[in-house]
Amino acid sequence: MKKFRSHIRTAALTLAAAGLFVSQATAMPVVEPSVEQPVVLAAGDCYAIGQQVAAQNGGTLAKASPSTRGGQQVCVIVVLVPGKEGQRPRRSEIVVPLN
């Protein structure tokens, strides 16, 4: 009798797990790629571009944000460049096209 209960319990847990898996699989939306509306991950790209611009200018990246100017997507990069002879850092704003 104990073996029978054990088998029933195992079967019930297996069916419950299978039902959960199937319900999750059917709940996931199917996404088809669309050429008409491409996804642009501008924030991450702008940060990477900002790191490169800051390194080229010998400064520290303060801000990198995506923007649209003249219908073109750009990254607005703000770099803090160390001042000369102990002066405060200079704030330099650089606009880079997002390509």
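Biologist: Of the 99 residues of the chain, what percentage count as buried?

Modeller: This is a predicted model. Buried here means under 20% relative accessible area. Of the 99 residues of the chain, the share that passes is 16%.

Biologist: In what order do the 3 strands of the open sheet stand?

Modeller: Take the pairings one by one. Strand E1, residues 60–69, runs antiparallel to E2, and 9 bridges join them. E2 also pairs with strand E3, residues 90–97, in the antiparallel sense over 8 bridges. The order in the open sheet is therefore E1-E2-E3.

Biologist: Which are the edge strands?

Modeller: The open sheet has the order E1-E2-E3, with antiparallel pairing. An edge strand here pairs on one side only. That picks out E1 and E3.

Biologist: What does the twist average from one strand to the next?

Modeller: The sheet is open and its 3 strands pair antiparallel. From one strand to the next, the twist averages 20°.

Biologist: Which residue in E2 is the bridge partner of leucine 61?

Modeller: E1 covers residues 60–69, and E1 and E2 are antiparallel. Threonine 68 stands opposite glutamine 73 in E2. For leucine 61, the bridge partner in E2 is valine 79.

Biologist: Which residue in E3 is the bridge partner of valine 76?

Modeller: E2 and E3 pair over 8 bridges, in the antiparallel sense. The partner of valine 76 in E3 is valine 95.

Biologist: Which residue takes a positive phi in the hairpin of E1 and E2?

Modeller: The hairpin has 2 residues between the strands. The phi in question is near 65°. The residue that takes it is glycine 70.

Biologist: How many of the 10 residues of E2 are buried?

Modeller: E2 is bridged to E1. E2 pairs with E3 as well. E2 is largely enclosed by the rest of the structure, because the buried count among its 10 residues is 7.

Biologist: Which cysteine does the disulfide join to cysteine 46?

Modeller: The structure holds 1 disulfide. Its S to S distance is 2.0 Å, inside the 2.5 Å cut-off. The partner of cysteine 46 is cysteine 75.

Biologist: How many residues apart are cysteine 46 and cysteine 75?

Modeller: The disulfide joins cysteine 46 to cysteine 75. Cysteine 46 lies in helix H2, residues 42–57, and cysteine 75 in strand E2, residues 72–81. The pair links distant parts of the chain, and the separation is 29 residues.

Biologist: Is cysteine 75 buried or exposed?

Modeller: Buried residues fall under 20% relative accessible area. Cysteine 75 has a relative accessible area of 0%.

Methods:
Residues are numbered from 1 along each chain as its sequence is written. This is a predicted model: local features need pLDDT of at least 70, side-chain atom pairs count only at pLDDT 80 or more; totals for chains, interfaces and linings use all residues. Side-chain values use heavy atoms; hydrogens and water are left out. Helices (H or I, at least four residues) and strands (E, at least two) are DSSP runs, numbered from the N terminus. Buried means under 20% relative accessible area, exposed over 50%, partly exposed in between (1.4 Å probe, protein chains only). Axes are lines fitted to C-alpha atoms, for helices over the stretch in contact, and angles run from 0 to 180 degrees between N-to-C directions.
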